[in-house]
Amino acid sequence: GPRSATARGSRRHGTPRYSATRMSTRAHGQRVLIIEDNEKNLKLARDLLRYHGFHTIEAPDAETGLRMASDSKPNIILMDIELPGMDGVTALERLRGDPAIAGIVVVAFTASVMPVDRDRFSRAGFAGIIVKPIDVAIFPRQVLAYCNDLAGDG
Ligand code: MN
């Protein structure tokens, strides 16, 4: 199909500094929407995920991200909390109110590690938290774990 480019072997050359092991097979076909206004955070997350075989789409704000979620139905959304305009918690509420996209797994993508924030994100309905700055050695596996939750490892 159109998504089999990785399986056919669009293999890159050279070894990235940040990883020794790729997970292209398992990540293949997983579509990740990254909603993040910090360009450096966005680029690092996107590059890592694409390298490991994920498909990514990106939005710099929540309004754009919600439109992209409706249009593209990603498997998972990484949602920054502090965003220009609508914040990530409000965006999650909006998403849950739209039956077409309410079921998408949404992970808080945040630098907030305070227990009070973790509780707030959990109550808001985030599936979990991936803390920034990301740990490049485990980030793709963290994302894939949430994808597998959604897919029932299918
Ligand atoms: Mn931000």
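View 1. Asp37 is partly exposed, with a relative accessible area of 36%, whereas Asp80, at 5% relative accessibility, counts as buried (buried means under 20% relative accessible area, exposed over 50%, and partly exposed in between, with a 1.4 Å probe and protein chains only). The manganese ion has as its protein donors Asp37 (OD), Asp80 (OD) and Glu82 (O), which lie 2.1 to 2.2 Å from it; donors are N, O and S atoms within 2.8 Å of the metal (3.2 Å for Na, K and Ca), and because water is not among the atoms, sites may look incomplete. Along the chain these donors follow the spacing D-x42-D-x1-E. Asp37, in the loop between S1 and helix H3 (39-51), and Asp80, in strand S3, are 43 residues apart, so that the pair links distant parts of the chain (helices, H or I with at least four residues, and strands, E with at least two, are DSSP runs numbered from the N terminus).

View 2. Five strands with parallel pairing form an open sheet in the order S2-S1-S3-S4-S5, where two strands pair if DSSP finds at least two bridges between them. Strand S2 (55-59) and strand S5 (128-131) are the edge strands, each pairing on one side only. S3 and S4, which run parallel, are joined by five bridges, and Ile77 has Val106 in S4 as its bridge partner. H3 packs on the sheet, touching S1, S2, S3 and S4, and its direction makes about 165° with that of S2, while H5 lies across S3 and S4 at about 145° to S3; axes are lines fitted to C-alpha atoms, for helices over the stretch in contact, and angles run from 0 to 180 degrees between N-to-C directions.

View 3. Leaving aside neighbours within four places in sequence, Leu95 is in contact (heavy atoms within 4.5 Å) with Leu66, Ile77, Ile101, Ala102, Ile104 and Val106.

**View 4. Ser70 in helix H4.** Ser70 is partly exposed, with a relative accessible area of 27%, and, leaving aside neighbours within four places in sequence, is in contact with Asp98 and Ile101.

Residues are numbered from 1 along each chain as its sequence is written, and side-chain values use heavy atoms, with hydrogens and water left out. In this predicted model, local features need pLDDT of at least 70 and side-chain atom pairs count only at pLDDT 80 or more, whereas totals for chains, interfaces and linings use all residues.
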